[in-house]
Amino acid sequence: MNCCVRLLSNALTLQKSCSCTGIIGLKKRAPPYRGIIRNYTATQLGTIFAHSSGFGKCGVAVIRVSGEKTKQAMSAITKKKKLPNAKRVFVSRLWHPKSNSMLDRAVVFWFAAPSSFTGEDMCEFQVHGGPAVIASVLDALSSIEGLRPAEAGDFTKRAFLNDKLDLTEVEGLGDLIHAETEGQRRQAVHQMEGSLSSLYQTWTKQILKSMAHCEAFIDFGEDQHLGDQVLTNVVTEVKDVQLKIETHLQDSHRGERLRNGVRVCIAGLPNVGKSTLLNLITQRQAAIVSPIAGTTRDVIETALDIDGFPVLMSDTAGLRQSEDIIEKEGVSRAFKKIKEADLIVFLLCADSLKSSSKDVGQLIEKQAKELGLLKDFYGKQLLYVVNKIDLNMDTAQENSDNTFYVSCKNMDGMSSFLKHFSTCIKDLCGATSIGSIPSITQQRHRKHLADCAQFLQQAIDNFDLDIVIAAEYMRMALHELGKISGKVDAEQILDVIFQDFCIGK
């Protein structure tokens, strides 16, 4: 048993229950991750400061200070021997402790531990946003003994270490900072507010209770006359949690898509209008368009905001056999993008329908088979676009669920296609469930949840064989859930989580 599992096991101090109720009690212990703070050196945990607002000229800039010497820094820079009570805002001139020159007049916010974002003594100086003012205040703070410039994510890391946020909430905050679309903002806000944390905490409590009852049955079964019903209840509870986690995992990766962007690949034979369609959707000349087949030889990627949802759209080389080395590489990259795509927009030319006795579905299947794409189409969301109907009006038919007849030249049929395209993007991101159903947003969450579900299944399989082994599998499942929120082994993943934060956050 590794040290973290032993730590968790020791935290489960079982109390003898009343024989008439069979209820097992647990003594409350501090979260295991609170001990992590002892693994950091005094230099790393010293008082930190940073410019926390945006860079460049602005009306107001915010400079943060956090740590045990915050009060000393405030006194030194404001020349106030007696500071106002905590949670008070005051206006003060700021002075350089060394040169004694006035720097600016600022609004000062003062928060005493633990009632602050970081859980430490903390203050914020709202100064005028000129670069020279900001530089002078930062220089003044750096001249105070015991203060050091903050590293990326330092303030949020302290909030985590002081139990102000768990890792899912930290990740939600990071996603909110980097959100570029409305959908990303909504998902990040809900995660930052604890939607995932609350869900996983509920499952943690269920497993913890079941594990406690299981260990009570092992240790006190004969003394307390605990019947088989206790174990039956444990099995029922574990099966319930395992089913909930499995259902949670079957979300089609919508949370990750919303966080990272829906990958859309525009594909088809040469000269069917792929680049023209890309330019229409992006509303700019993102790709070169010419009547010469094979103009696009590389992947052209464009990031878009489609009705509040992030899209990474790829225009690819025309799919055909070629002896040209450069074109062959372009076709190879096109095949790779098709495999990676969440949504494939496959274009055909109306001419191909006119010259073929097959309908759209049969023609696409024939082309896909010839190109070796059938296996890549399975399990993908597909939209078929028959382009250039302005040249062959007699080939135009009624649109179906996933087939659209358009003219990228004169915009015929584009309105219906774009409306359906937007709907597909929203469905892939789970637009209707944002806020109501917490979504998995990180690959590490998915891995730990899958491992947790697997350990719970192994516990279920072992209840009739060896209850001690079953209890151990439950501990391992709890350990995996703890990794998501940072309650277990958090020091191993802290740097990965916080490295994407900006300085001052």
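Asn410 counts as partly exposed because its relative accessibility is 39%; here buried means under 20% relative accessible area, exposed over 50%, and partly exposed in between, with a 1.4 Å probe and protein chains only. Please keep in mind that this is a predicted model, in which local features need pLDDT of at least 70, side-chain atom pairs count only at pLDDT 80 or more, and totals for chains, interfaces and linings use all residues. Residues are numbered from 1 along each chain as its sequence is written, and side-chain values use heavy atoms, with hydrogens and water left out.

**Around Asn410**

Asn410 sits in the loop between β14 and α15 (414–428). Helices (H or I, at least four residues) and strands (E, at least two) are DSSP runs, numbered from the N terminus. The side chain of Asn410 makes a polar contact with the side chain of Ser407 at 2.9 Å. A polar contact is a pair of N or O atoms within 3.5 Å; within protein, one must be able to donate a hydrogen and the other to accept it, and residues adjacent in sequence count only if both atoms are side-chain atoms. A polar atom of the Asn410 side chain also lies 3.1 Å from the backbone nitrogen of Asp412. Ile389 is 21 residues away from Asn410 along the chain, and their C-alpha atoms are separated by 9.7 Å.

**The whole protein**

The protein has 18 helices and 14 strands, and buried residues make up 51% of its 505 residues. Its accessible surface comes to about 24,700 Å², with 51% belonging to carbon and sulfur atoms; the areas come from the Shrake-Rupley method with a 1.4 Å probe, and for residues only the protein chains shown count as cover. Among contacts (heavy atoms within 4.5 Å) between residues at least 6 apart in sequence, 66% join residues at least 24 apart.

**The six-stranded sheet**

What is the strand order of the open sheet of 6 strands? The order is β10-β11-β9-β12-β13-β14, with mixed pairing. The edge strands, β10 (300–306) and β14 (403–405), each pair on one side only. Neighbouring strands of this sheet are turned by 20° against each other on average, direction ignored. Two strands pair if DSSP finds at least two bridges between them. Strand β13 (residues 381–387) runs parallel to β14, with 3 bridges, and Val385 has Phe404 of β14 as its bridge partner.

Helix α11 (residues 325–340) packs on the sheet, touching β9 (262–268), β10, β11 (309–315) and β12 (343–349), and its direction makes about 135° with that of β9. Helix α13 (residues 360–371) lies across β12, β13 and β14 at about 105° to β12. Axes are lines fitted to C-alpha atoms, for helices over the stretch in contact, and angles run from 0 to 180 degrees between N-to-C directions.

**Strand β3**

Strand β3 (residues 47–51) is largely enclosed by the rest of the structure, because 5 of its 5 residues are buried. Thr47, Phe49 and His51 point one way, while Ile48 and Ala50 point the other way. The pairings of β3 are listed here.

β3 and β4 form a hairpin with 6 residues between them, and Gly56 in the turn has a positive phi of about 100°.

**Nonpolar cores**

A nonpolar core is a set of buried Ala, Val, Leu, Ile, Met, Phe, Trp, Tyr and Cys residues joined through side-chain atoms within 4.5 Å. The largest has 32 residues, and those with the most contacts inside it are Val264, Leu277, Met313, Val345, Phe417 and Phe421. At least two residues each come from β9, α10 (274–282), β10, β11, β12, β13 and α15, with the largest share, 6 residues, coming from α15. Apart from this core lies another, of 31 residues, including Cys214 and Ile440.

**Backbone details**

Most residues other than glycine have a negative phi, and most peptide bonds are trans. The peptide bond from Ala113 to Pro114 is cis, with omega near 5°; Pro114 is in the loop between β6 (102–111) and β7 (122–129). Asp163 has a positive phi near 65° and is partly exposed at 30% relative accessibility. Asp307, in the loop between β10 and β11, has a positive phi of about 55° and is exposed, with a relative accessible area of 52%.
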